[in-house]
Amino acid sequence: MEDDKRIITPNTEDLKTLNRRDFVRILTTATIGAGAFAAAFKGFALSPSQRAEAAETMADRIGKLPKRQFCGRMKDVKTAPIIICQDWRPELYAAGLAAGLNMVHKAGYWKTMPPEFAKLPRESYYTDITVDSTPRNPDDEEGAYRQVNESLKQNGLKYYDVFKAHFGWRSVQSMKDQRGTYRAFQRLKKEGKVRYFGVSQHDYLPYPEIISAQIDDGVIDTIQMFFTYGAPQATVDVLEKARKAGIGVVAMKVMGGAVKMRADTAYQAQLKASGKVGRALYRHVLTLKGKDKKPIFAGCVTNVGNFDQFEENIGAGADKIARADGFFFDV
């Protein structure tokens with residue numbers, strides 16, 4: 001499902017409210033599949049508690065996503081293949097957790113601790129902070145150090161599992177020469193505030209060039225980058241090199257291939273996702289394999305803002321939904 005900006009149930013005057021009895025009746029009979037769950041509540045203005053309860057019920061029907069080792073360098077980290085993004089609609093956090101999702105991208109932007117996470121043991125989920133100084137001034141060690149400390153004071157997370165150099169470097173030479181971001185990571189790691197070093201690399205220059213340099217540099221534990229259906233084979237090849245080096249590779253902006261996937265109805269059918277562009281795109285990425293027949297990606301970041309998107313995108317990584325679709329999900 002594309003990352004449009006529709007909300008779950010628009011709160012307008014022409015929508016009806018639901019009492020507890022009618023809400024439970026609809027919730028009990030709503031089915032999963034082809035947007036049916038969202039359609040069951042069309043025309044109703046749900047309260048925040050009703051939206052949260054409906055979302056958790058939907059997640060329960062989708063089933064928990066499997067966990068797997070994130071990568072060789074992060075051997076103690078096991079995550080679901082779909083990753084929560086900090087800018088999800090808050091009432092969907094509980095649904096994501098109910099579906100077994102246990103990693104949050106951009107958690108460093110939380111100003112306060114979301115209540116859904118506050119009640120969980122900190123070690124039961126993983127977070128990253130995207131440190132924003134990298135492309136503007138990669139030598140700004142103090143700025144990077146300060147961003148992490150200030151965010152932890154605000155949200156009370158205690159530590160971040162991954163310190164990500166947000167946006168990444170604009171050139172290979174900059175990555176080699178301007179190391180302030182990495183020095184800040186080293187200080188913070190000694191203080192127990194971060195554990196692993198990563199990069200959220202944007203496409204300032206060809207991915208094979210910059211990612212190959214990051215692999216050879218030897219200090220990066222995880223790389224997050226734009227990736228979707230139709231990516232060049234050279235990019236796939238360098239990502240296989242990263243995975244073989246023990247680096248966890250994460251895809252973002254997966255919905256960028258929506259137009260191309262929508263036109264490829266034969267491939268949608270092969271992925272058992274006919275008419276479900278979001279599900280097809282996430283399945284494509286999560287089942288993409290290198291020449292050694294092993295999966296390339298540790299996971300995909302997704303942004304969801306409504307029931308339709310949750311069902312389609314999160315369902316892409318769920319065994320229960322895969323079996324119902326007739327799809328063999330072997331990663």
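# Rings, helices and strands

Modeller: Start with the rings: ring pairs join Y93, W110, F117 and Y125 into a cluster. This is a predicted model, where local features need pLDDT of at least 70, side-chain atom pairs count only at pLDDT 80 or more, and totals for chains, interfaces and linings use all residues. Residues are numbered from 1 along each chain as its sequence is written, and side-chain values use heavy atoms, leaving out hydrogens and water.

Biologist: What makes two rings a pair?

Modeller: Rings of Phe, Tyr and Trp (its six-membered ring) pair if their centres lie within 6.5 Å. The structure holds 12 aromatic pairs. One of them joins W110 and F117, at 5.0 Å centre to centre.

Biologist: Why is the pair of W110 and F117 called tilted?

Modeller: Planes under 30 degrees apart count as stacked, over 60 as edge-to-face and the rest as tilted. The planes of W110 and F117 are 50 degrees apart, so the pair is tilted. W110 and F117 are also buried (under 20% relative accessible area; exposed is over 50%, partly exposed in between; 1.4 Å probe, protein chains only).

Biologist: Which ring faces does R122 lie over?

Modeller: R122 lies over Y125, at 4.9 Å from the ring centre. R122 also lies over Y159, at 4.0 Å from the ring centre. The rule asks for NZ of Lys or CZ of Arg within 6 Å of the ring centre and within 35 degrees of the ring normal.

Biologist: How do you know what counts as a helix or a strand?

Modeller: Both are DSSP runs, numbered from the N terminus: helices are H or I of at least four residues, strands E of at least two.

Biologist: What span should helix 3 (residues 48–62) have, and what does the model show?

Modeller: The expected span is 1.5 Å times one less than the number of residues. For the 15 residues of helix 3 that gives 21 Å; the end C-alpha atoms are 21 Å apart, which agrees. G63 follows helix 3, with a positive phi near 95 degrees.

Biologist: Why is helix 14 described as largely enclosed?

Modeller: Eight of its eight residues are buried, so the rest of the structure largely encloses helix 14. Those buried residues pack against several elements, including helix 2, helix 3 and helix 4.

Biologist: How do you know that strand 6 (residues 160–167) pairs with strand 7?

Modeller: Pairing needs at least two DSSP bridges between the strands. Strand 6 and strand 7 share seven, and run parallel. K164 stands opposite G198 in strand 7. Strand 7 (residues 194–201) also pairs with strand 8 (residues 222–226), in the parallel sense, over four bridges.

Biologist: What makes the unit of strand 7, helix 9 (residues 207–217) and strand 8 right-handed?

Modeller: With the strands pointing away from the viewer, a right-handed path from the first strand over the helix to the second runs clockwise. The β-α-β unit of strand 7, helix 9 and strand 8 is of this right-handed kind.

Note on methods. Contact means heavy atoms within 4.5 Å.
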